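This briefing concerns a predicted model. Please consult the sequence and structure shown here before reading on.

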Amino acid sequence: MSLSSFMIIGFTAGMSIISPGFGGRRRSSRPDLPPGQYLTHDFPVLSAGPTPRIPLERWQFTITDETGGKHSWSWPEFQDLPAEDVTTDIHCVTKWSKLGTTWRGVTLDTLFENVETTADYTMVHGYGGYTTNVPLEDLLDGKAWVAYQFDGEPLAPEHGGPARLVVPHLYFWKSAKWVNGIEMLQQDEPGFWEEAGYHMYGDPWREQRYQGD
Amino acid sequence: MARTAVPGRLSWRVATVEAARRETPSARTLVLRVPQWPGHLPGQHVDVRLTAPDGYSAQRSYSIASAWRDDGLVELTVQRVEDGEVSSYLIDDLEVGRPLELRGPVGGWFVWRAAPPPVLLVAGGSGVVPLMAMIRARGDVRGRQPFRLIYSVRTPQDALYAAELARRVRDDPGLDVHFVYTRKTPDGWPEPPGRLTVATLNTHGWPPDFAPDVFVCGPTAFVEAAADILVALGHDPGKVRTERFGGIS
Ligand SMILES: Cc1cc2nc3c(=O)[nH]c(=O)nc-3n(C[C@H](O)[C@H](O)[C@H](O)COP(=O)(O)OP(=O)(O)OC[C@H]3O[C@@H](n4cnc5c(N)ncnc54)[C@H](O)[C@@H]3O)c2cc1C
């Protein structure tokens, strides 16, 4: 059978092949879902390795500026910072989205209050060696939090507890689990998944999943 | 970590279903001919996109089951998820000869690069798919790395690639396979059905001193449990690579 015998329709994203009979079990497609995403009520997990368990007495979060200057918080110090409750949609590159998730954490604006920097890029680090790059402007102005509660409960280890970054406007791999620091960089550098072929920026609304998207 | 060579843009390609095989009552392998396929490494996956006549579309990831043989063929094995939107279509409706859109290969971490260390593969259900690609790639190059697969399935009927695994255990030197049955065992099996335990991984895996490369793949809850046990047994977390397929967590 030749390809030309199948209907092909045009999209802004390119041409698509129609699969006859597909679509009967469709999940709700809604305007608040980015392209290629589907809605889930579970909370799936994407991690490259085992889940690290970090004792709170050892937990520390450090911002390192481009001159090596450090700003650190222990767990009790972190808990003393003003916290916010955030309700937001999250979008994972493995295609699931979850709407209206609720988090509690510290906005990055608070953490960066006393950080002097001229660098535009950051590398976010997590316990276990995970890294991901995020431009500084995507972390500031109420766009990102270090969250330690999900749905009113302490954040579970498999979802990044004790604390994870939450940058909901980017694919969720940018929201580093088990976060323990942010390093300021003069130039953008790839983190863990970015090295493995994922997009440097990761905007779900522009479907920036892989390099070149 | 070494920088991986990253291909350029991953564009959508129109593959053709060249053949299809039932693997088990609930799983089907699609043999796809993909034009200009750049080749892939064992462990990588593709993204598949289905589009309905009214323009609605859905994407899912599927691991590549076959080792690359420079013949333009890519095999996927799809396990039915109850009432699953895409898996049901790929198993019940997609006919041989039809086109299927996909892009890839994706992933540069959950990949076996024919490195010298011994390898421990731990699979739950359809999580065996990318691990089978590794076993096949090793077979193709007559690899001598000691390989062990620990494969957890519900019942003997659910085991994917059972006949091929049996043949390879006989013919591929240094490969062994241990099954774990969670619901029903074959007749005469020495243990009652049950989940993967510390004892299973301790007895049938490699000791941590061998510093094996470990690949764990399957439903999220299975991967969480297996990876936790491996770390508790003393395996370096940096050497335990995981791929979580989804499911309730
Ligand atoms: C990197 C990667 C590689 C994958 N490789 C394979 C593969 O080689 N073979 C394969 O069969 N699948 C694989 N999967 C899973 C696959 O992408 C789909 O999630 C699966 O086929 C279900 O999609 P669906 O549209 O049929 O079900 P959906 O309609 O999306 O889901 C139906 C219901 O099943 C649940 N569900 C979704 N996924 C799973 C799951 N994996 N296990 C149990 N319940 C689930 C959902 O929560 C939902 O309630 C892979 C996933 C990833 C992320």
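Helices (H or I, at least four residues) and strands (E, at least two) are DSSP runs, numbered from the N terminus. The model is predicted, with local features requiring pLDDT of at least 70 and side-chain atom pairs counting only at pLDDT 80 or more, while totals for chains, interfaces and linings use all residues. Residues are numbered from 1 along each chain as its sequence is written, and side-chain values use heavy atoms, with hydrogens and water left out.

**Second largest pocket**

- The second largest pocket has a volume of about 680 Å³.
- Its 38 lining residues include, closest to the pocket centre, Pro50(A), Pro52(A), Tyr127(A), Gly128(A) and Trp178(A).
- H5(B) gives the largest share of this lining, 3 residues.
- Helix H3 of chain A and helix H5 (220-232) of chain B each supply at least two residues of the lining.

A pocket is an open set of points on a 1 Å grid over the protein atoms alone, where a 1.4 Å probe fits, with protein on both sides within 12 Å along at least five of seven lines; lining residues have an atom within 4 Å of a point. Grid points are joined across faces, edges and corners, and the volume is the space filled by probe spheres set on them.

**Interface between chains A and B**

- Contact (heavy atoms within 4.5 Å) links 46 residues of chain A with 51 residues of chain B.
- Between chain A and chain B there are 6 salt bridges, each a side-chain nitrogen of Lys or Arg within 4 Å of a carboxyl oxygen of Asp or Glu.
- One salt bridge joins the side chains of Arg53(A) and Asp228(B) (2.9 Å, N to O).

Technical notes:
Chains lettered and ligands numbered in written order.
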